Amino acid sequence: MPVCAIAGMIRWKGWEPDEEGLPDAMAQGGTYRRGPARLEAADPEGTGQPILLPARGGMAVVYDGELHNVWELRGELAALGHRFEGSSGAETAAHAYAEWGADCVKRFDGIFAFAVWEEEGRRLFLARDRMGMKPLLFTLTGERLCFTSGGETLPRFPGCGALQDVRELESAGCAYFSRAGWRTWRYWTPADRL
């Protein structure tokens, strides 16, 4: 049985995306490539990852996890005009991010690690569940940013195999990576109500 995981790589030069080609070989799952960004998801349940939302500024989303309040979120999003093709948590997370941005994770009840590439803003968003049940690892090595929710996938990306430099996004953590640099923050602490 395939392991559920997401992984991706962005190659930069001075935080400007490098338009030179990336290797065609990816690990398992679906692959999205637009310029310098690659996102991938092992998708054993056929949820159609990555989720592409071209009408929302050219977003691509990969998601690993389970949302317990998926139907509640879908109801809210449908009332706001969102239309869904399937019933996956991945698609729900994609539309939630398109509607509420990084604050969408404050509404999620479940375990997850996910990534959003915003083509229009040329930035990557990463997020992890409140309790840190799903890992989310990243490394910045030279001109590359690599991330994964399954540590065994990082070495499959060229230049991302220096595992001594891998960082883990903390529980309830979010991060933005762009040409302006990167920052991380926590969207929830145990003192907050669930």
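Strand β10 (residues 144-148) is largely enclosed by the rest of the structure, because four of its five residues are buried (buried being under 20% relative accessible area, exposed over 50% and partly exposed in between, with a 1.4 Å probe and protein chains only). Strands here are DSSP runs of E with at least two residues, and helices are runs of H or I with at least four, numbered from the N terminus. The model is a predicted one, so to speak of local features takes a pLDDT of at least 70, side-chain atom pairs count only at pLDDT 80 or more, and totals for chains, interfaces and linings use all residues. Residues are numbered from 1 along each chain as its sequence is written, and side-chain values use heavy atoms, with hydrogens and water left out.

Next to consider is β9. Strand β9 (residues 137-141) pairs with β10 in the antiparallel sense over five bridges, where pairing requires DSSP to find at least two bridges between two strands. Across this pairing, L140 sits opposite L145 of β10. β9 is itself mostly covered, with four of its five residues buried. It also pairs with strand β11 (residues 167-168), again antiparallel, over two bridges; there, F138 has R167 as its bridge partner.

Now for the backbone angles. Most residues other than glycine have a negative phi. R122, in the loop between β7 (110-118) and β8 (123-128), has a positive phi near 55°. R122 is partly exposed, at 23% relative accessible area. A172 likewise has a positive phi, near 55°, and lies in the loop between β11 and β12 (173-178). With 0% relative accessibility, A172 counts as buried.
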